[in-house]
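Student: Please put the sequence and the model on screen. I will ask about individual residues first and then about the elements around them.

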Amino acid sequence: MAAAAWERFVGHRWLPKAAVVVLAAVLVAAFLLVRSERRDAHNAGVLETACGGVLPRETVRGLLPGDETWELRSDLDLTGPSGRGPRTLVRCSLDWGEYGGLELAAVPVLDVPLSGVRSRDILSAGTAKEPDWATAYRTATTQVTVGCPAGLPGYPRPVTRFRVHASLNHEDGSEVAGAAKELGTVVTAVADHVRDRGGCGGPAVKPSDVRPGPGRVAESSEESEDSEEVPRACRWFRPGTLDGKWGPAGPDADGVTSDDAEACSLSVRRTKPANRYDLAAGVSSVSWRGPLLPEVRTAYGAELAALSPAPEPRSGEKSYVLAVWAESSCSGARTLSRVRVETAASALAADRADRILDAYLASSDCRAVKVLGKVWK
């Protein structure tokens with residue numbers, strides 16, 4: 001009976017071919033299922049170990065293509081307290097295809113050593129070339145700079161900030177659009193990992209703290225253009241304070257911010273000239289904290305000794321420079337600050353110097369302000 005049934009099956013016009021097709025389909029489906037399960041297990045293992053296992057797995061899984069095998073590259077977690085601080089705190093890369101991948105890194109923000117404490121010395125540090133690992137955040141999809149009040153361990157100089165950045169690219173190398181929000185969650189998780197392991201203290205990082213890389217920010221308004229073009233150390237100043245405005249080429253400003261000092265130098269075009277020399281006005285500001293204070297008092301000793309409450313300027317000059325000094329507590333640290341105003345009209349400098357100093361100190365939330373005096377230069 002079985003032989004007869006087999007003969008009928010073999011002799012059927014299309015049934016054997018259909019059976020072969022069904023069998024092949026079953027085998028292919030089984031193969032694909034097994035490969036998919038192995039790929040899923042492999043990818044899950046990658047997520048468990050990448051970046052010290054701190055990545056939010058569901059978020060990352062939603063960002064990466066589920067039909068690709070992810071490979072962990074350049075995995076490094078050095079956030080434990082061991083020896084000299086590394087230049088990279090965390091680094092990991094999840095790749096697929098030829099160019100696709102998620103790249104993430106956490107790096108310390110290292111200040112360039114100062115050659116001196118005068119304003120020009122601090123500003124010169126801003127022209128030093130930074131290594132590629134320190135500037136990669138500028139073109140990242142998302143990035144955040146995190147304060148570390150207690151300082152990261154293992155560095156010869158205090159390191160009180162670090163930066164986390166991440167980018168996500170398609171297989172062809174182009175950036176994945178619309179991934180910034182989810183990447184913000186990833187960056188936040190890694191930032192808190194570094195903060196906790198480093199014993200930083202301070203507030204936890206929130207997803208709202210994460211921003212696009214500066215190189216990807218679109219300048220969509222005049223206000224945003226000013227914010228990007230004016231250095232952070234100079235953003236407290238408003239040109240109208242000296243009846244001025246920025247020049248046609250944009251803000252003429254130079255600024256540097258570091259852990260123990262910040263300095264700014266800028267100039268504006270005068271909109272209401274008092275005489276034919278009164279075409280521009282200049283302002284510089286500088287603040288010092290902590291270990292720099294004794295050296296500042298030495299470097300500026302003659303100027304500090306000449307301070308008085310209301311000095312009289314010399315007459316008949318083409319340019320007048322008035323410096324104002326103050327002591328205060330800024331962000332809980334004892335701070336010494338100096339504001340310098342340069343104009344062609346002495347009355348303008350005398351009238352606006354106090355207002356400019358107040359604006360500068362208020363921008364840093366400085367308290368217990370004590371004005372030490374003024375001196376004409």
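Student: Is A134 buried or exposed?
Tutor: This is a predicted model, in which local features need pLDDT of at least 70 and side-chain atom pairs count only at pLDDT 80 or more, while totals for chains, interfaces and linings use all residues. Residues are numbered from 1 along each chain as its sequence is written, and side-chain values use heavy atoms, with hydrogens and water left out. Buried means under 20% relative accessible area, exposed over 50%, and partly exposed in between (1.4 Å probe, protein chains only). A134 has 10% relative accessibility, so A134 counts as buried.

Student: Where is A134 found?
Tutor: Helices (H or I, at least four residues) and strands (E, at least two) are DSSP runs, numbered from the N terminus. The run that holds A134 spans residues 132-135 and is helix 5.

Student: How far apart in space are A134 and T88?
Tutor: In sequence, A134 and T88 are 46 residues apart. From C-alpha to C-alpha, their separation in space is 9.1 Å.

Student: Which element gives the largest share of the lining of the second largest pocket?
Tutor: On a 1 Å grid over the protein atoms alone, a pocket is an open set of points where a 1.4 Å probe fits, with protein on both sides within 12 Å along at least five of seven lines; lining residues have an atom within 4 Å of a point. The second largest pocket has 21 lining residues, with R232, T257, E262, R289 and S331 nearest its centre. Strand 9 (280-289), strand 11 (333-343) and helix 10 (346-363) each give two or more residues. The largest share, three residues, comes from helix 10.

Student: On which residue is the kink in helix 10 centred?
Tutor: The bend at a residue is the angle between axes fitted to the seven residues ending there and the seven starting there. Helix 10 has a kink of about 40 degrees. The buried residues of helix 10 include L348, A349 and R352. The kink is centred on R352.

Student: Over how many bridges do strand 10 and strand 11 pair?
Tutor: Two strands pair if DSSP finds at least two bridges between them. Strand 10 (residues 320-330) and strand 11 form a hairpin with two residues between them, and S331 in the turn has a positive phi of about 55 degrees. One of the bridges joins S328 to T335 in strand 11. The pairing of strand 10 and strand 11 is antiparallel, and the number of bridges is 11.
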